[in-house]
Amino acid sequence: MKIERIDLFQADLPYSGGIYTLSGGREFHAFDASIVRMETACGLEGWGESTPFGSSYIAAHALGVRAGIAEIAPHLIGEDPRQVERLYDVMDTVLAGHLHARTALDVAAWDILGKATALPCWMLLGGSTGRRMPVMSSIPADTPERMRQNVSRHRDRGYRGHSVKIGALDREGGPALDAARIEASLADRQPGEFYLVDANGGLTPETALRLLTLLPTGLDFVLEAPCASWRETLSLRSRCRVPVILDELMQADTDLAQAIALDACDGIGLKISKAGGLTPGRRQRDMARAAGLTLSVQDTVGSTIAFAAIAHLGQTVPERHLRCILDCRDMVTTQLAEFEAPVADGGVLAPDAPGLGLTVNRAELGDPVASWT
Ligand SMILES: [Mg+2]
């Protein structure tokens, strides 16, 4: 089986909540998605997506995704998409780094592998736990009362995990505002709920320690991505009384190896496009499990195509290690595909259809912005 054609599409995904605010005053209105369609000589097609969270979240941006795909795609024509690790070897030889660009191609290959074997990706990734995966909300930084209301709205819709964004600059209110945001967001906590307080690298060890000092004891949460650098994170980690989760610092599997060696965290945010696709994502899942870390399986953001990859990988993580998955479908108003995995009975179950199990809406995508044959 050989790859005969690769098409690249672009789509704008408006944020469903209007303006998304992250630490450091970063604001986002819409996200620029790159979608890959991979076709084999025998007529199978696979789909993959890479949608960075703007250009200031990690070292990834939409134009870079498409430039990276243009660099790699010609070299994949003629390769066997079912040999996902070997396809990754080719990508390694063509373009260093740029994991976000590799992701759409890697996920499309997994979709073809599933269709070629008539098996869902979760089966090929090791098998489903059969358990509905709890979904997490993404609560942008806001006033404490509005954040409390936002958590409540998501709770009413079946969300069990809540990713509460903090990271106020001193002139915006600093640690006192962040402490109030955390207390308000956790105020109506229900049994079985899980809270990630996510600074997206916006704190220094100093502001993080001041924040923790201001909080009452007994609040049950983990602190995610407190600081932007390894130095700051390790300094804080040695003086921090709450579990630390790494996200933005955790990109390549070598980052995870380093975090485990340094005992830098208690869990990770495993975002598919940050990791470089399902092939390295699978490896990070296994490394985290071996090290006794918890995982949230997510992506930076994205449409239904990105969510399908999240659902299939998340479905293979044992309950003890899986905190929650991110339903990125909920974050954008444009969906590019049908995917039979509603939030119901406390979570999401990946479907049994072959591959990713997607029906892509071609009319929504329009014409490709580039093609390789
Ligand atoms: Mg995060």
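Helix α1 meets helix α3 through Gly64, Val65, Gly68, Ile69, Ile72 and Leu76 on the α1 side, and through His100, Ala101, Arg102, Ala104 and Leu105 on the α3 side. The residues of this contact comprise seven nonpolar, three polar and one charged. The model is a predicted one.

**Helices α1 and α3**
- Two packed helices are described by the angle between their axes and the distance between the axes.
- Here α1 and α3 (residues 99–117) have axes that come within 8 Å and cross at roughly 50 degrees.
- Because angles of 65 to 115 degrees count as roughly perpendicular and those under 35 degrees as roughly parallel, α1 is classed as oblique to α3.
- The handedness of the α1 and α3 crossing is right-handed.
- An α-helix has 3.6 residues a turn, so residues three or four places apart point the same way.
- The α1 residues in the contact include Val65, Ile69 and Ile72.

**The open sheet and the helices on it**
- Strands of a sheet pair through backbone hydrogen bonds, either parallel or antiparallel.
- Four strands form an open sheet in the order β5-β4-β1-β16, and their pairing is antiparallel.
- Strands β5 (45–50) and β16 (370–372) are the edges, each pairing on one side only.
- On average, neighbouring strands of this sheet are turned by 20 degrees against each other, direction ignored.
- Helix α1 (residues 62–76) packs on the sheet and touches β1 (3–14), β4, β5 and β16.
- The direction of α1 makes about 10 degrees with that of β4.
- Six bridges join β4 (residues 30–40) to β5 in the antiparallel sense.
- Arg37 has Trp47 in β5 as its bridge partner.
- Helix α12 (residues 304–314) lies across β4 and β5, and runs at about 100 degrees to β5.

**Burial of helix α12**
- Eleven of the eleven residues of α12 are buried, and the helix is described as mostly covered.

**Strand β12 and its partners**
- Strand β12 (residues 294–298) is largely enclosed by the rest of the structure, because five of its five residues are buried.
- Both faces of β12 are covered, with Thr294, Ser296 and Gln298 buried on one side and Leu295 and Val297 buried on the other.
- Strand β11 (residues 267–271) pairs with β12 in the parallel sense over five bridges.
- Ile268 has Leu295 in β12 as its bridge partner.
- Strand β13 (residues 322–326) also pairs with β12 in the parallel sense, over three bridges.
- Val297 stands opposite Ile325 in β13.

**Loop residue Asn361**
- Asn361 sits in the loop between β15 (358–360) and α13 (362–365).
- The relative accessible area of Asn361 is 32%, and the residue is partly exposed.
- Apart from neighbours within four places in sequence, Asn361 is in contact with Leu336 and Ala337.
- Arg237 is 124 residues from Asn361 along the chain, and their C-alpha atoms are separated by 45 Å.

How values were computed:
Residues are numbered from 1 along each chain as its sequence is written. This is a predicted model: local features need pLDDT of at least 70, side-chain atom pairs count only at pLDDT 80 or more; totals for chains, interfaces and linings use all residues. Side-chain values use heavy atoms; hydrogens and water are left out. Two strands pair if DSSP finds at least two bridges between them. Helices (H or I, at least four residues) and strands (E, at least two) are DSSP runs, numbered from the N terminus. Axes are lines fitted to C-alpha atoms, for helices over the stretch in contact, and angles run from 0 to 180 degrees between N-to-C directions. Contact means heavy atoms within 4.5 Å. Angles under 35 degrees count as roughly parallel, over 145 as roughly antiparallel, 65 to 115 as roughly perpendicular and the rest as oblique. A crossing is left-handed if the near helix is turned anticlockwise from the far one by less than a right angle, and right-handed if clockwise. Ala, Val, Leu, Ile, Met, Phe, Trp, Tyr, Cys and Pro count as nonpolar, Asp, Glu, Lys and Arg as charged, and the others, Gly among them, as polar. Buried means under 20% relative accessible area, exposed over 50%, partly exposed in between (1.4 Å probe, protein chains only).
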